[in-house]
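Me: I'd like to learn how to read a fold from its coordinates, one feature at a time. Can you walk me through one?

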Amino acid sequence: MFYTFSRSEYDLQQLEELVAQITEQDAILLWQNGVLLPLKYPMLFQDTHYYVLENDVIARHLQHYFSPENTAFSLISLTDFVKLTEEYFPQISL
């Protein structure tokens with residue numbers, strides 16, 4: 001499954017339940033305002049690998065929060081985003 005988070009405002013309990021059911025065979029993408037989630041809820045994303053759309057990080061001036069040394073996430077391009085949609089399905093947009 002491919003989970004995409006585009007907002008920064010979610011009910012914490014709902015978000016915890018969603019993240020808890022994600023497996024290693026799934027992928028998480030944070031884009032649009034969803035790139036703020038690891039800053040807002042770091043405890044939810046500390047043990048999960050996820051993808052972050054680089055354009056949205058740059059647009060929000062968050063590059064210093066998404067350092068390449070951090071292996072919890074991968075910064076990706078729009079082209080990489082398309083590849084993820086081909087690799088993981090179905091997609092759940094939240």
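Predicted model: local features only at pLDDT ≥ 70, side-chain atom pairs only at ≥ 80, totals over all residues.

Me: Let's start with the layout. How many helices and strands does the protein chain have, and in what order do the elements run?

Reply: There are five helices and five strands. Going from the N terminus, the order is β-α-β-α-α-β-α-β-α-β.

Me: And how do I judge the overall packing? What radius of gyration would a compact globule with 94 residues have, and what does the protein chain have?

Reply: A compact globule with 94 residues would come out near 12 Å, and the protein chain has 12 Å, so the two agree. Along the principal axes, the C-alpha atoms fill a box of roughly 30 × 30 × 20 Å. Of the 94 residues, 39% count as buried. Look at sequence separation too: among contacts with a separation of 6 or more, 63% are between residues 24 or more positions apart. As for the surface, the chain exposes about 5600 Å², with carbon and sulfur atoms supplying 51% of it.

Me: Now the strands. Which strands are joined to β3 by bridges, and how do they run?

Reply: Take each neighbour in turn. Strand β2 (residues 27-30) is joined to β3 by two bridges, and the two run parallel. Strand β4 (residues 73-76) is joined to β3 by four bridges, also parallel. V52 is a handy landmark: L30 stands opposite V52, and in β4 the bridge partner of V52 is L75.

Me: Where do the side chains of β3 point, and are they buried or exposed?

Reply: Y50 and V52 point one way, Y51 and L53 the other, and all are buried.

Me: What kind of unit do β3, helix α4 and β4 make?

Reply: A right-handed β-α-β unit, with α4 covering residues 54-59.

Me: Can we zoom in on α4? Is D56 buried or exposed, and which residues does D56 touch?

Reply: D56 sits in helix α4. Its relative accessible area is 13%, which is under the 20% cut-off, so D56 counts as buried. Leaving aside residues up to four places away in sequence, D56 touches W31, Q32 and V35.

Me: Last topic, the rings. What describes a pair of aromatic rings?

Reply: You use the distance of the centres and the angle of the planes. A search of the whole structure finds seven aromatic pairs. One of them is F2 with F81, which is tilted: 6.2 Å centre to centre and 55° between the planes. That pair links distant parts of the chain, with F2 in strand β1 and F81 in helix α5 (residues 78-87), 79 residues apart. Both F2 and F81 are buried.

Me: How are the rings of F2 and Y88 arranged?

Reply: Their centres are 6.3 Å apart and their planes are at 25°, so the pair is stacked. Y88 is in the loop between α5 and β5 (91-93), 86 residues from F2. Y88 is buried, as is F2.

Me: Which residues do the ring pairs link into a cluster?

Reply: F2, W31, F81 and Y88.

Methods
Residues numbered from 1 in each chain as written. Heavy atoms only, no water. Buried < 20%, exposed > 50% of the residue type's maximum accessible area, 1.4 Å probe, protein only. Pairing = 2+ DSSP bridges. Right-handed = clockwise from strand over helix to strand, strands pointing away. Rg over C-alpha atoms; globule rule 2.2 N^0.38 Å. Contact = heavy atoms within 4.5 Å. Areas by Shrake-Rupley, 256 points an atom, 1.4 Å probe, with all protein chains shown as cover. Phe/Tyr/Trp six-rings, centres within 6.5 Å; stacked < 30°, edge-to-face > 60°.
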